[in-house]
Amino acid sequence: MAFTQPPLPFDSKALEPYGMKAETFEYHYGKHHAAYVNNLNKLTEGTELADKTLEEVITTAYSDPSKAGIFNNAAQVWNHTFFWNSLKPAGGGAPTGDLAARIDKDFGSFDKFKEEFSAAAATQFGSGWAWLVDDAGTLKVMKTPNAENPLVHGKKPLLTLDVWEHAYYIDYRNARPAFIKNFLEQLVNWDFVAANLAA
């Protein structure tokens, strides 16, 4: 069974008023994400991994250095799908309900969370990701290099921001901090984060 690329959860032009052009999705979703799906299918075709779930491929391949290429492509397929769902038009602002209470409890305040998340995203050297995770009942911020994600560390991902340069160069050129600020202010899909926390 081939791995497939899920459709974007919004129209490619839907985030234009909120700091992400349709052109970004033309390249980021239409070329980068699609290439990871195609590469993964080529690498797993005819192997025992072809019939596993994407999460199973990620955790299996991560611990086997000979499957580094499979891991990188599988994790990037998963990470990107998770990232698209972390976005929504007119998102951002502050969360509410249980999620807000948990953030206040584990970070001290929402502002402290934003500081910590922004710092993780800004200081990830080179390519990678910033995450909000549930680590055995405690909310934490972490960053991962390249394709790595929290699944391989036994943590539950709740939110992510892609800080690979291709995620923001069309909209922000080399200004990663402006991309991070805009993500938190206008794009975060807190409903998705709350659903992940409750699941």
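This is a predicted model: local features need pLDDT of at least 70, side-chain atom pairs count only at pLDDT 80 or more; totals for chains, interfaces and linings use all residues.
Residues are numbered from 1 along each chain as its sequence is written, and side-chain values rest on heavy atoms, with hydrogens and water left out.

Helices (H or I, at least four residues) and strands (E, at least two) are DSSP runs numbered from the N terminus. Three strands form an open sheet in the order 2-1-3 with antiparallel pairing, where two strands pair if DSSP finds at least two bridges between them. Strand 2 (138-145) and strand 3 (156-162) each have a single partner strand and stand at the edges, so one side of each lacks a neighbour in the sheet. On average, neighbouring strands are turned by 25° against each other, direction ignored. Angles run from 0 to 180 degrees between N-to-C directions, and axes are lines fitted to C-alpha atoms, for helices over the stretch in contact.

Strand 1 (residues 128-135) pairs with strand 2 in the antiparallel sense over eight bridges. Ala 130 has Lys 143 of strand 2 as its bridge partner, and Val 133 stands opposite Lys 140 in strand 2. These two strands form a hairpin with two residues between them, and Ala 136 in the turn has a positive phi of about 55°. Strand 1 is joined to strand 3 by six bridges, also in antiparallel orientation; here Trp 131 stands opposite Thr 160. Eight of the eight residues of strand 1 are buried (under 20% relative accessible area; exposed is over 50% and partly exposed in between, with a 1.4 Å probe and protein chains only). Gly 128, Ala 130, Leu 132 and Asp 134 point one way from strand 1, and Trp 129, Trp 131, Val 133 and Asp 135 point the other way.

Helix 2 (residues 54-62) has Leu 54, Val 57, Ile 58 and Ala 61 buried. These residues cover an arc of only 100° around the axis, which puts them on the same side of helix 2; the arc is that of the directions from the helix axis to the C-beta atoms. The cover over the buried residues of helix 2 includes helix 1 (22-44) and helix 3. Helix 1 and helix 3 themselves pack at an angle of about 145°, with their axes 9 Å apart.

The largest nonpolar core has 61 residues, and Leu 87, Phe 113, Phe 117, Leu 159, Leu 161, Phe 183 and Trp 190 have the most contacts inside it. Helix 3 (residues 68-85) gives the most to this core, with nine residues. Such a core is a set of buried Ala, Val, Leu, Ile, Met, Phe, Trp, Tyr and Cys residues joined through side-chain atoms within 4.5 Å. Not counting residues up to four places away in sequence, Phe 117 touches Ala 130, Trp 131, Leu 132, Val 141, Leu 159, Leu 161, Phe 183 and Leu 184.

Asn 182 lies in helix 7 (residues 176-187). Asn 182 counts as buried because its relative accessibility is 9%. With residues up to four places away in sequence left out, Asn 182 touches Tyr 18, Gly 19, Tyr 172 and Leu 187.

Note on methods: Contact means heavy atoms within 4.5 Å.
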